Structure formats: C-alpha cells, structure tokens
Amino acid sequence: MSLENRVRDHFTAEFGESPAFIVRAPGRVNLIGEHTDYNDGFVFPMAINRATWIALRPRDDKRVLAISLDMDDQRQFSLDDLRKPADLDWIDYLSGVAWSLLERGYELRGWEGVVAGDVPIGAGLSSSAALELATARAFFEVSDFEWDAAAMALACQAAENHWLGVNCGIMDQMISAAGVEDRALLIDCRNLETYTAPLPADTSVVILDTGTRRGLVDSAYNERRKQCEAAARHFGVSALRDVDKSSFAERAHELDELRRRRARHVVSENERTLRARDAMRSGEPAALGKLMIESHVSLRDDFEVSSPALDAIVECANAEEACYGARMTGAGFGGCAVALARADGADAFAERVSAAYLAATGNQPTLYITRASRGAETVYP
Ligand code: GLA
C-alpha cells in the first residue's frame, strides 16, 4: 500500500473521518557539492522519491497531536508551552519546527494527524529534513501564512541548529522544500537562488547504501566547519566561497597542512559543482561522472570524511562499465554513496555492485534506483 493510503487509512480509522489534508516532503541525494553549503558555496542535490507523509486535520486549540506509524507512538505538545528537548525524540522535530516558526512571527494553529515515511533513518538521505518540511507544510495548511520554500527551509534549519542541536547547513532543508520533478537543483547557498537542470538523457541515479552508520559524525562535522572558518579568516573573507582557485594557489602555502587540504576541497568542490551544471546543461553524462569521481577523491583525501565502506562501494561502482561516476553523498563517515549509471544497464549495475561490495566487505548494501521528485507539497485535497 502506498504511504499516502497508509496515512489516510490510519487517520480515518483513528479520527472517524477523512483527513482535511495530506502533505509530503521528500528526502534527498546530493549529486555533487559536498561540505560546501556551510561555506556559502554551491550544492547540486535532487529530492528523491522517498518522503515523509502526514494526514491531518486542524484543531480548535493550540495543541499538536501526532501518531507516528514508524515509531508506533503517539505524542502531543502545546504551542503555548514548548520545551527544548534534553534527549532527542521524534516529536522534537515537530515541536522544533513549531518553535522556529513561532520565533519568526508566524501565527500557528494546532492540528492532529498521522505521520509515516520511507526515507531510511540515519542513512544520510535527510529523513530529518523530510520530517521537518512535512511538519512545516502541515502548519501551513492549518494556519494562515504564505508558503515560501526558502523561508520554510531556513526555519527548519534553525530548528535543527537551535532546537535539535545539529549544526547543519541549508542544503537538506532547501532541497526538501524546493525540489523539482525530474530535475536536480543547483543551489547557491549564499542567497538561496536555485537553478534546475535535467539529468542527462538515458541515465539513472542509483543510491548505494553501505549499510554502515557511524557515530561521532556531529563532532567531526563541527570540526570541519571550524577548520573551514579558520581558513576563510586567513584569506580575509567571510566564507571560503569567496576564494577562487587562483587566489587559493597564490596563498595556500601560508596555511598549515590540514587547513590547506580542507580549504582545497571546498574551493575545488565549488568549481566542480559549477562545472557539473555545464555538464548537465549540455547533457554530457561522462563529464558529470568524472566530476563525481574527482569529488569523492577530494572528500576522501583532502576533507577526510569518507570511510572504508564508502570507499569500497564507490570503487565497486566505478569498476562497472555502466557507471559514469560514483561518490559518497551527504555528511560522510558511513551511509550512502550515489552513482550516475546508464539507464538501460542500471538494474544489472545495482545487482553487480551489491554482490561485489558484499564480497569485498561482508556488509549487505541496499541499492535504490531513484528519480527526482517534487519538494514539500500538499497532495490532498
Ligand atoms: C549534512 C548536512 C548538510 C551538508 C552535508 C554535507 O547532510 O546536513 O547541511 O553540510 O552534510 O554536504
């Protein structure tokens, strides 16, 4: 049964009538532009065909009551009495979005509903952003404010940063808010302008989940952010976005070795991401694939956010003739890689990479052929 029907049926069984609205917001995979968003740079993600869904109806009071089918749990909170969580729980994603919208002056009404999703949790496909944007969309439907994708993404990012305590950039929330069907989205993370690009003809995007999850991602992530900020200060700019390849080459020797490598990744990744736009515009999958391969090498060697499992699955993918290029995607240290493959060979590609990776590492991977979906939206009524 589709998730849309699941949340609808559960809602009807629980509340005795059809939902007033059904909303959804997708997870994402990033094609290229990694660890660039918090450097005011460029990212090139697409929203995937996996999402969080909420069936809901408004309430007359200021309460939010949510039933999670995935957690088999029911929780509620009052918009008049929001409490910052000590230990994170799924409902905190909803209360965090409420807190952030209220902080920004939105007037919110309460609602009740049923939540379910199929973005795997902790895999690096932004299940949190999907839940946050679906929540924002639920508030939008029952309250009285305008939907602005960038404003909603910023509000959800602030919930992550200040309510949930995760110091993420804007990419995940922005693509979940603003994704476009059959298109990848180049996002300028300084001003949140977006440019859409169709994937090259006859290609498939394949997500390669290594099956590994790593702790300590947050501390390593924060450490990378600090190293980038320090490098930007050294160049006398507000963010590494403002350092181009030639000014980097001129002054790179002034940086210590670690910061030099971190900055080199960001500077080169921004350039690769813009070149990826050109490759997509002119429909050149081989050029795009080559940029993805270079991105992985830079993330592995200069930024040091890959892992043996990610390196292994990327290597298995790149060894396949049907593959234009593969790289780790998202924050790194575990989770998923992404590959651009020939569409007519994608199923066989997925099978062969699964077998090769299992043989090489003993881990069972999960591979999904995915397509670009729309960002947060209301699907019913
Ligand atoms: C995580 C963060 C994003 C981004 C990526 C790395 O997904 O949530 O903001 O920084 O890592 O590109």
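Buried means under 20% relative accessible area, exposed means over 50%, and partly exposed lies in between, judged with a 1.4 Å probe on protein chains only. By that rule Ser295 is buried, because its relative accessible area is 0%. This is a predicted model: local features need pLDDT of at least 70, side-chain atom pairs count only at pLDDT 80 or more, and totals for chains, interfaces and linings use all residues. Residues are numbered from 1 along each chain as its sequence is written, and side-chain values use heavy atoms, with hydrogens and water left out.

**Overall build**

- The chain has 11 helices and 13 strands. These elements are DSSP runs numbered from the N terminus: helices are H or I with at least four residues, strands are E with at least two.
- The C-alpha trace spans about 60 × 50 × 40 Å along its principal axes.
- A compact globule of 381 residues would have a radius of gyration near 21 Å, and the chain agrees with 21 Å. That radius is taken over C-alpha atoms, and the globule rule is 2.2 Å times the number of residues to the power 0.38.
- Of the 381 residues in the chain, 58% are buried.

**Nonpolar cores**

- A nonpolar core is a set of buried Ala, Val, Leu, Ile, Met, Phe, Trp, Tyr and Cys residues joined through side-chain atoms within 4.5 Å.
- The largest one has 50 residues, and Leu94, Trp111 and Phe139 have the most contacts inside it.
- A second, separate core has 42 residues, including Val206, Ala263, Ala337 and Ala341.

**The second largest pocket**

- A pocket is an open set of points on a 1 Å grid over the protein atoms alone, where a 1.4 Å probe fits, with protein on both sides within 12 Å along at least five of seven lines; lining residues have an atom within 4 Å of a point.
- The second largest pocket holds about 180 Å³ of space. Its volume is the space filled by probe spheres set on the points, with grid points joined across faces, edges and corners.
- Strand S3 (45-58) and strand S13 (377-380) are the elements that give two or more residues to this lining. The largest share, 4 residues, comes from S3.
- Among the lining residues are Arg24, Trp53, Asp118, Glu181, Arg371 and Glu377.
- By class, the lining has 3 nonpolar, 2 polar and 7 charged residues. Here Ala, Val, Leu, Ile, Met, Phe, Trp, Tyr, Cys and Pro count as nonpolar, Asp, Glu, Lys and Arg as charged, and the others, Gly among them, as polar.

- Helix H8 (residues 257-281) has 25 residues, so at 1.5 Å a residue it should span 36 Å; its end C-alpha atoms are 36 Å apart, which agrees. The expected span is 1.5 Å times one less than the number of residues.
- Just after H8, Gly283 takes a positive phi of about 65°.
- Ser295 sits in helix H9 (residues 285-301). Its C-alpha atom is 9.0 Å from that of Thr273, 22 residues apart along the chain.

**Backbone exceptions**

- Most residues other than glycine have a negative phi, and most peptide bonds are trans.
- Asp182 has a positive phi near 60°. It lies in the loop between helix H5 (171-178) and strand S7 (183-188), and at 43% relative accessibility it counts as partly exposed.
- Leu192 also has a positive phi, about 60°. It lies in the loop between S7 and strand S8 (193-198), and is buried at 13% relative accessible area.
- Tyr380 and Pro381 are joined by a cis peptide bond, with omega about 5°. Pro381 is in the segment after S13.
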